[in-house]
Amino acid sequence: LITGEMIKPGAVVIDCGINHIESSDDKRKLVGDVDYDSASKVAGYITPVPGGVGPMTVAMLMENTVDCAERSVSRDQWNLSYLPLSRVSPTPSDSVIALAQQPRKISQLASSIGIPDDCLELYGAYKAKVKLEILESLKSRKDGNYVLVCGITPTPLGEGKSTTTIGLAQALSAHLHKKAIACIRQPSMGPTFGIKGGAAGGGYSQVIPMDDFNMHLTGDIHAIASAHNLVAAAIDTRIFHESTQNDEALFNRLCPAEKTLPDVMIRRLEKLGIAGRTVKDLSAEDRTRFARLDIDPNTIMWNRVIDMNDRFLRKATIGQSPTEKGKTRETKWDISVASELMAALALSTDLADLKSRISKIVVANSVANVPITIDDLGVTGACTALMRDAIKPTLMQTLEGSPVLVHAGPFANIAHGNSSILADKIGLKLVSEGGFVCTEAGFGTDIGGEKFFDIKCRYSGLTPNAAVLVCTVRALKMHGGGPKVTPGGGLAVEYKEENLDLLKQGLVHLTKQIQNVKRFGVPCVVAINRFHTDTSSELELVREHALNAGAFDARVAENWEKGGAGAAALGKAVVEACQQPTQFKFLYELEQPLVDKMNEIVRNIYGGEGVELSDEMREKIENLERQGYRDLPICMAKTHLSLSCDPNLKGVPTGFTVPIQDVRLSAGAGFVYPLAGTISTMPGLPTRPGFYNIDVDTVTGNITGLF
């Protein structure tokens, strides 16, 4: 024991030791590490044992418990101050508005909505990745309200669905004082430099910084393109080496005797039913079966990708160098967001699920009609490594400082056209019970909306509380028989002046889309996105019709001009709608045959008679079912400009069939997509592309002219 002579006079002695010694009465006595009797005569202060640090320990434990409780409560309570808008009339360009608003530091925004520093990866001052670990830390929280924002069949100009999504989130948070997060897709840079421009919303309902949002963001699309093109290179390289080497040489180069077989090769052995797990265990026949994929070049369904519009890459010949020994073939490039890897990312629930989905992607068939997957090529791990950070959603903000989660950007025709499951799940936990997540679906309700319900909700297990159906007077006039709307061509006078008769003719389309939403058992709130040419009579006509057609409520949205304040009435309607009971249901059961599921969509959502199939297409569908893909959901790829497959048929066409020109498989993403018409996966540039307007202020570094 420490005695008094070992202690400096006046010292403070804290005795944390615990020892048992025999006392004079033959009983065990509890003492510390210090001889209390001698030490207490020298020390200025000393803690006794027992009765010293015990109470102090308990007090500190209680203090820590209280601190943890307060921290937990503070994470549930947002401490978010919103950014005031300095609106100008007339409303300037999106770029001017965005540059005039100073964003809050993203670390401050994250902290104020309960995202701890250890779940945040900063990408500069105004955007950050959110780590998936946050889901584990918030798993005990109840989810907030889940609100889909969808739309009617649009004009080629678009009807402001993204703008409404952002405006609604601003209204709910900054003006109605609810916890709200918008979840939207990351845009491709192809349309940004082409004809569409940016995709950050518009007017006073935007995501900022808009230049970061529209260009590169946190590099997710580049990561996906790199992984995709690695697979493409692996396909052609494998065909080349299999065609130029005998069985023994091919196997020895793939599997050097001195190296251990990696996991991806072990999985291929298991798939083939080969028992051996080392090179020495494999017979000559096993080695040949393992090494040769025998890819049929005519069945390759994996093109290369680039994130730009380039019409001259719609068809190309590769392998023309002499070093490729005449192994040329025709192929094409797709835009990056058309990659199945993008769709797989958007539908993944964690990194392990993403890796599993990547491994299942079918890139071609063998000459024996066996599906060849990314796992067969051995590229699964490398693709997952390239996309490791892309699986984390990006946190940004609106013009009014409301939080936005930006993640994934799959096409809405050959894919499901929704932002990621992970962004929605994180958002729902952050807003918690009583809060709101507004997530947008691409194109009209007949396309992105149906796929949200039947594909995204099926894989996520999430149930929506309400849907907002965005419409415009302009689009409804088009559906009533108005003149053709062409990008860059200017609007006809019918769209600029009051025309109630034309509008009445088009309201049948609104009725059909309201019915489409209600078919899934959720309340439908109609948002009438107001343009400055709309009259009060036109807006009231649409509102009355929507209510009579079964909408829970219908409100005019003026958030493009007024920000969140212009969508406050819409926000109140959404809050009330989310308090209503829901009877959510899918349109079809997965166990139904593929053709039956296609017919369910055509008959119940499009209003047609069913699909039209050639003998070749029937055989292709039967082959997919034989290969084990019958129970996948359907992702119909058709024009977004009509309920039918003919873009010229407006309103609510009837009596039509949908001819299926091809049926393709996205085994990794987890759906079969029939093509009803020619679907371009590589847009071209117009005569006057948007890049003419884009520039950089070399003094400030600000990018201008994005829209």
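Two strands are taken as paired if DSSP finds at least two bridges between them, and the legends below apply this to a predicted model.

**View 1**

**View 2. A nonpolar patch on the surface.** Val-12, Ile-14, Tyr-45, Met-56 and Met-60 form this patch, and together they have about 560 Å² of accessible area. Val-12, which belongs to strand E1 (residues 12–13), counts as exposed because its relative accessibility is 58%, where the cut-off is over 50%.

View 3. Eight aromatic pairs are found in a search of the whole structure. In one of them, the ring centres of Phe-453 and Phe-584 are 6.0 Å apart and the planes stand at 45 degrees, so the pair is tilted. The two residues are 131 residues apart, with Phe-453 in helix H18 (residues 445–460) and Phe-584 in the loop between helix H24 (568–577) and helix H25 (594–606). Phe-453 is buried, at a relative accessible area of 0%, and one aromatic cluster is formed by Tyr-146, Phe-452, Phe-453, Phe-520, Phe-584 and Phe-586.

**View 4. Charged ends over aromatic rings.** The charged end of Arg-458 sits over the ring of Phe-586, 4.1 Å from its centre, while that of Lys-638 sits over the ring of Tyr-606, 4.8 Å from its centre.

Technical notes
Residues are numbered from 1 along each chain as its sequence is written. This is a predicted model: local features need pLDDT of at least 70, side-chain atom pairs count only at pLDDT 80 or more; totals for chains, interfaces and linings use all residues. Side-chain values use heavy atoms; hydrogens and water are left out. Patches are made of residues with over 30% relative accessible area and no salt bridge: like charges are joined within 9 Å, nonpolar side chains (Val, Leu, Ile, Met, Phe, Trp, Tyr) within 5 Å. Accessible areas come from the Shrake-Rupley method with a 1.4 Å probe; for residues, only the protein chains shown count as cover. A salt bridge is a side-chain nitrogen of Lys or Arg within 4 Å of a carboxyl oxygen of Asp or Glu. Helices (H or I, at least four residues) and strands (E, at least two) are DSSP runs, numbered from the N terminus. Buried means under 20% relative accessible area, exposed over 50%, partly exposed in between (1.4 Å probe, protein chains only). Rings of Phe, Tyr and Trp (its six-membered ring) pair if their centres lie within 6.5 Å; planes under 30 degrees apart count as stacked, over 60 as edge-to-face and the rest as tilted. A charge sits over a ring if NZ of Lys or CZ of Arg is within 6 Å of the ring centre and within 35 degrees of the ring normal.
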